[in-house]
Amino acid sequence: MAIRTINKMNTKDEGISNPVNCPSCGVNTGMRLFSTVDTSLAALIAKEDKNLAFAVCPRCSAVFSLSKNYFRERTMGTAVIMTESDLEPMKR
């Protein structure tokens, strides 16, 4: 299901990852994966890459950005395994 936001960002639920240790709480759990795609005209003109893939820990609700390489391979259908090195804590 895609969620459309006011700034033309579509957020898509990408499912659950393999079990990985959360860098925040240390629990071994499957992360919930999401991706965003900017469909605004400004993004097309500026050619900025505002597409983002992120993971949310179901235990502590910490949010992590995913490495672009991991997410690209996953969307292409390659069998990939997420590790802690693929998770980067997101800051406000």
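**Overall layout**

The protein chain has 92 residues, of which buried residues make up 30%. Its secondary structure comes to two helices and six strands, and, read from the N terminus on, these elements follow the order β-β-β-α-β-β-α-β. The confidence of the prediction should be kept in mind while reading the rest: the mean pLDDT of the protein chain is 84, and 80% of its residues reach 70 or more. Among the elements, strand 1 (residues 2-4) has the lowest mean pLDDT, at 57, whereas strand 5 has the highest, at 94.

Strand 4 and strand 5 form a hairpin with six residues between the strands. In the loop between these two strands lies S61, a residue that has a positive phi of about 65 degrees although it is not a glycine. S61 is also exposed, because its relative accessible area is 53% and the cut-off for an exposed residue is over 50%.

Further along, S67 has its place in the loop between strand 5 and helix 2. S67 counts as partly exposed, since its relative accessible area is 23%. The C-alpha atoms of S67 and M82 are separated by 9.7 Å, and the two residues are 15 residues apart along the chain.

Side chains of opposite charge can pair when their charged atoms come close. A search of the whole structure finds one salt bridge, in which the side chains of R32 and D13 meet at 2.4 Å, N to O. This pair links distant parts of the chain, for R32 is in strand 3 (residues 28-38) and D13 in strand 2 (residues 9-21), 19 residues apart. R32 is partly exposed, with a relative accessibility of 32%, and D13 is likewise partly exposed, with a relative accessible area of 30%.

The accessibility values given so far for single residues are collected here.

| Residue | Relative accessible area | Class |
|---|---|---|
| R32 | 32% | partly exposed |
| D13 | 30% | partly exposed |
| S67 | 23% | partly exposed |
| S61 | 53% | exposed |

**The largest pocket**

The largest pocket has a volume of about 210 Å³. Strand 3, strand 4 and helix 2 (68-75) are the elements that give two or more residues to its lining. Twelve residues line the largest pocket, and N51, L52, A53, K68 and F71 are the ones that lie nearest its centre. Sorted by class, the lining of the largest pocket consists of five nonpolar, three polar and four charged residues.

Note on methods: Residues are numbered from 1 along each chain as its sequence is written. Side-chain values use heavy atoms; hydrogens and water are left out. A salt bridge is a side-chain nitrogen of Lys or Arg within 4 Å of a carboxyl oxygen of Asp or Glu. Helices (H or I, at least four residues) and strands (E, at least two) are DSSP runs, numbered from the N terminus. Buried means under 20% relative accessible area, exposed over 50%, partly exposed in between (1.4 Å probe, protein chains only). Two strands pair if DSSP finds at least two bridges between them. pLDDT is the predictor's confidence in each residue, from 0 to 100. On a 1 Å grid over the protein atoms alone, a cavity is a set of points where a 1.4 Å probe fits but cannot get out, and a pocket is an open set with protein on both sides within 12 Å along at least five of seven lines; lining residues have an atom within 4 Å of a point. Grid points are joined across faces, edges and corners, and a volume is the space filled by probe spheres set on the points. Ala, Val, Leu, Ile, Met, Phe, Trp, Tyr, Cys and Pro count as nonpolar, Asp, Glu, Lys and Arg as charged, and the others, Gly among them, as polar.
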